[in-house]
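Please read it with the model open beside you.

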Amino acid sequence: MDSKDFVALNAEYVFNTYGRTPIMLVEGSGCVVRDSEGREYLDFIGGLAACSLGHAYPKLVQAIAEQAGKLIHVSNIFYIQPQIEIARLLVENTFADKAFFCNSGAEANEGAIKIARKYFHDQGAHDRYHIITMENSFHGRTMATLAATGQTKYRKGFEPEVQGFSQVKFGVIGALEKAVDARTAAIFVEPIQGEGGVRMAAPEYFQAVRNLCDKTGCLLMMDEVQTGMGRTGKFLAHEHFGIIPDVVTLAKGIAGGVPMGAVLAVDKAAGALVPGTHASTFGGNPLCSAAAVAVTSEILSDGFLDSVVEKGQYLRSRLEDLAAKLPIIKEVRGMGLMQAVDLRKPGSDITVSMRDHGVLVNCTSDTVLRFLPPLVVTKDEIDKLIDVLDFALTKAGGAEHEN
Ligand code: PLP
């Protein structure tokens, strides 16, 4: 099927909710994907951080196949062995005491929001349901996560908003101190703003946020949907800041592309949800849990996170060399294998030019090229990214001085 056919068929049968790239990826191996016409691409989008182990990773394929042959799905009214296994792996290797499973990042965040409300409701503090999030944040597309998201463009046309959310400037502790009051149930923040352009804040900021939560009694909830599961070189990104959150949400990389989300929480927060208060038909089912066990075991295996750190540093230094040479690059940002270059002009044409030369990258926040390769990416593949990026940026006028 050539591109004219699938573009037309898609337009005829599928909701028009995505601005799609006119290629259809049909198979992959490691960091390489192939389209329906046999062209190969190096994948630095990695399913937007979902394909943590790359494509067709043998241990993941085997775990999925074995579980599919045994039991794909069973209701959560029964005990589910792979779900207990993945919960144990996550709890034993993080701050958390308990885990809940769902199907996506937005759903994990809905779970966190429900925890914050119910936690204070159970204490009789019925007015204490307000959640403070960050300007420029992204938390999902459901109604409550849209209200949590600090970008008004996503909410437009879907009013009235779910109430109980407000945003402050990311990275500015004074703004948070001013905003927190007796109604505040939780502060909800990404360790690194991903969709918002790979924007970071200092470790001291996060430590001050933790202190503020301790002082006022509100919960510290962190959205690690994009930054979690080894992406930044630690298993969870907040570990870089030396803080312990009360709730963390995960999705994307947790099951290597099999749809899954998770809420991790300390006992006092997890205890807010009791039978009848929260559930998901597919959440933590045998198939996705078996996939998550395979992925998580690999990420936690000896040397894996060290290799993410090492390759992240290599990618970072190669991007910085490029920035020193090409003034079109305003800034390099990121941690581990979540890196970005912020350009002095919009980046979408650059992604097209790179795609024509066999490398897939994502543009977010208009000017930011974001690199989220599978965590198994090699240095040779990073070199190829840099060669093609250098070529595309130079062609776009990168060597000229711009302000
Ligand atoms: N939270 C963050 C930080 C994200 O980056 C995303 C997706 O990009 C989401 C939540 C929403 O996740 P999902 O698309 O799985 O609902």
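1. Glu 37 is partly exposed, at 42% relative accessibility, and Arg 39 is also partly exposed, with a relative accessible area of 42%. Here buried means under 20% relative accessible area, exposed over 50%, and partly exposed in between, using a 1.4 Å probe and protein chains only. The side chains of Glu 37 and Arg 39 form a salt bridge at 3.7 Å, N to O. A salt bridge is a side-chain nitrogen of Lys or Arg within 4 Å of a carboxyl oxygen of Asp or Glu.

2. This is a predicted model, in which local features need pLDDT of at least 70, side-chain atom pairs count only at pLDDT 80 or more, and totals for chains, interfaces and linings use all residues. Residues are numbered from 1 along each chain as its sequence is written, and side-chain values use heavy atoms, with hydrogens and water left out.

3. By the salt-bridge rule the count is 19. One of them joins Lys 118 to Asp 122 at 3.2 Å, N to O. Lys 118 is partly exposed at 23% relative accessibility, and Asp 122 is partly exposed at 45%.
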